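Notes below, in the order I went through them.

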Amino acid sequence: MSLAPVAALWRLLSRGQQAVIRRAAVQALGSLSELVDAQSAPQLLADRLADRLDEVGGEALVREPVGWLLGRGLVQRQVCGDVRCDDGIRLDTRGDCPGCVAVTAERRAVRARVRGEIDAELAGDGVVVRQAAFEERLRERTALNADRACARRARIVVEVEARQAAAVRRREAEQAAEAERRSAACTQCGLPGAAGLCPQCTYRRRADALMTEAVDLVVAVRADLDDAAQGTELTERCAADTRALLTRACQRAGGSDEALMAFTAPQVAAQLLDERRVSAVRRLLVSEEAEAEAEAVYEAFLRRRPGGHRAAEAAAEEARRRTAEYLLRHKLGQLQVVRARVAAGRKPTWRNESAAGVTSPADNLVVTPGGVAPHRASAS
Ligand SMILES: [Zn+2]
Ligand SMILES: [Zn+2]
């Protein structure tokens with residue numbers, strides 16, 4: 001890619017010459033990679049070749065391809081003291097090199113100053129004498145400036161090296177942190193080198209979370225959510241049953257292989273959760289609220305389209321299903337509220353709130369047409 005601008009020259013080269021040029025290109029890329037990021041280096045080298053070709057007037061005008069490539073095409077032309085300077089363009093920013101701009105301005109200023117000095121000192125002398133003195137002094141000044149430029153260049157080299165060293169240190173620190181993270185013991189079982197959580201404990205945790213959800217589904221639809229003690233008792237009993245069920249299922253799948261059992265647990269738990277969800281919805285389909293909603297939708301439908309019994313039936317069943325799903329979501333939410341209140345040491349107090357004029361969330365599910373039952377779109 002880097003050599004694309006000189007493709008025609010490349011074809012003129014022998015195998016051996018191509019090898020030489022390839023090495024030189026790789027070396028140039030290496031130098032560029034030290035100054036800019038490695039991804040930009042190939043493009044920069046290609047740009048440089050294109051620029052240099054522009055100078056000579058195109059590939060056709062290059063008389064000695066190898067000499068030209070090694071001596072002009074591929075080499076950096078550092079005009080000022082900045083190591084990032086290539087022909088007055090900064091390699092890292094691709095903008096004009098400020099160093100070069102400064103050098104040019106400085107050179108002009110020095111010439112003007114020296115000219116002024118000589119004119120003042122040798123006011124009575126002729127042009128030739130003054131010109132010779134001017135050039136002599138300019139040489140002295142230039143030598144002085146070259147020393148300064150050299151020092152400046154050394155300073156920039158140090159700066160670039162410091163930046164590169166800092167980048168290396170940062171990479172090393174990141175690698176060390178990553179290694180430390182990987183080597184951290186499992187916080188659950190203490191297994192070393194487990195990146196904080198070993199695979200077995202990861203599976204176990206996932207299975208636990210799914211089981212908790214499965215237990216909640218049972219408790220939400222079966223417990224009297226006003227009775228915190230009963231809810232707690234049912235949760236414990238159901239959790240023990242579910243755990244035993246899971247263990248048996250895992251043993252069937254994995255035998256005595258503990259790793260295989262741990263691996264199987266989340267899959268079994270997910271399946272169990274699905275089954276529990278289906279049966280929870282099924283239970284709520286025949287709940288009082290779902291029945292009432294289905295009936296209301298059925299009647300509303302028939303009022304609009306008398307005789308459309310079959311369509312009314314379908315709409316009613318759809319309403320029944322939506323109501324059951326809504327009830328389930330709602331009960332799960334209520335269960336979390338009860339749990340939070342129990343955990344905070346407060347008794348659940350929905351009854352009292354209802355009495356005080358605040359309807360309980362369940363009471364909001366008014367099931368007559370025109371009420372505020374959820375998702376009534378198809379009924380109206
Ligand atoms: Zn420059
Ligand atoms: Zn572990």
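What follows are my entries on a metal site, a few loop residues and a helix pair.

**Entry 1: ground rules.** I kept in mind that this is a predicted model.

**Entry 2: the zinc.** I started at the zinc ion (ligand 2) and asked which protein atoms are its donors. I got the SG atoms of C186, C189, C198 and C201, which lie 2.2 to 2.3 Å from the ion. Along the chain, the donors follow the spacing C-x2-C-x8-C-x2-C.

Then I checked the geometry. The angles subtended by the four donor atoms run from 100 to 115 degrees, so I put the arrangement down as tetrahedral. For reference, the ideal angle for four tetrahedral donors is 109.5 degrees.

**Entry 3: A195.** I next went to the loop between α6 (127-183) and α7 (199-222), where A195 lies. Its phi is near 55 degrees, a positive value in a residue that is not glycine. The relative accessible area of A195 is 33%, so I noted it as partly exposed.

**Entry 4: R94.** Another positive phi turned up at R94, which is not a glycine either: the value is near 65 degrees. R94 sits in the loop between β2 (89-90) and α5 (98-121). With 38% relative accessibility, R94 is partly exposed.

**Entry 5: R84.** I found R84 in the loop between α4 (65-73) and β1 (85-86). Is this arginine buried or exposed? R84 has 11% relative accessibility; the cut-off for buried is under 20%, so R84 counts as buried. I then listed what R84 touches, leaving out residues up to four places away in sequence: L35, Q76, I89, R90, L91, D92, I156 and R163.

**Entry 6: α9 against α11.** Last, I took the pair formed by helix α9 (residues 258-285) and helix α11 (residues 309-343). They pack at an angle of about 115 degrees, and their axes are 8 Å apart. I noted the crossing of α9 and α11 as right-handed. From α9, the contact uses R277, A280, V281, L284 and L285. From α11, the contributors are R320, R321, A324, E325, L327, L328 and K331. Sorting the contact residues by type gave me seven nonpolar, five charged and no polar.

Note on methods. Residues numbered from 1 in each chain as written. Chains lettered and ligands numbered in written order. Predicted model: local features only at pLDDT ≥ 70, side-chain atom pairs only at ≥ 80, totals over all residues. Heavy atoms only, no water. Axes fitted to C-alpha atoms, helices over the stretch in contact; angles between N-to-C directions. Helix = DSSP H or I, 4+ residues; strand = E, 2+ residues; numbered from the N terminus. Left-handed = near helix turned anticlockwise from the far one by under 90°. Contact = heavy atoms within 4.5 Å. Nonpolar A, V, L, I, M, F, W, Y, C, P; charged D, E, K, R; others polar. Donors = N, O, S within 2.8 Å, 3.2 Å for Na, K, Ca; no water. Tetrahedral: all angles 85-135°; square planar, octahedral: opposite > 155°, others 65-115°. Buried < 20%, exposed > 50% of the residue type's maximum accessible area, 1.4 Å probe, protein only.
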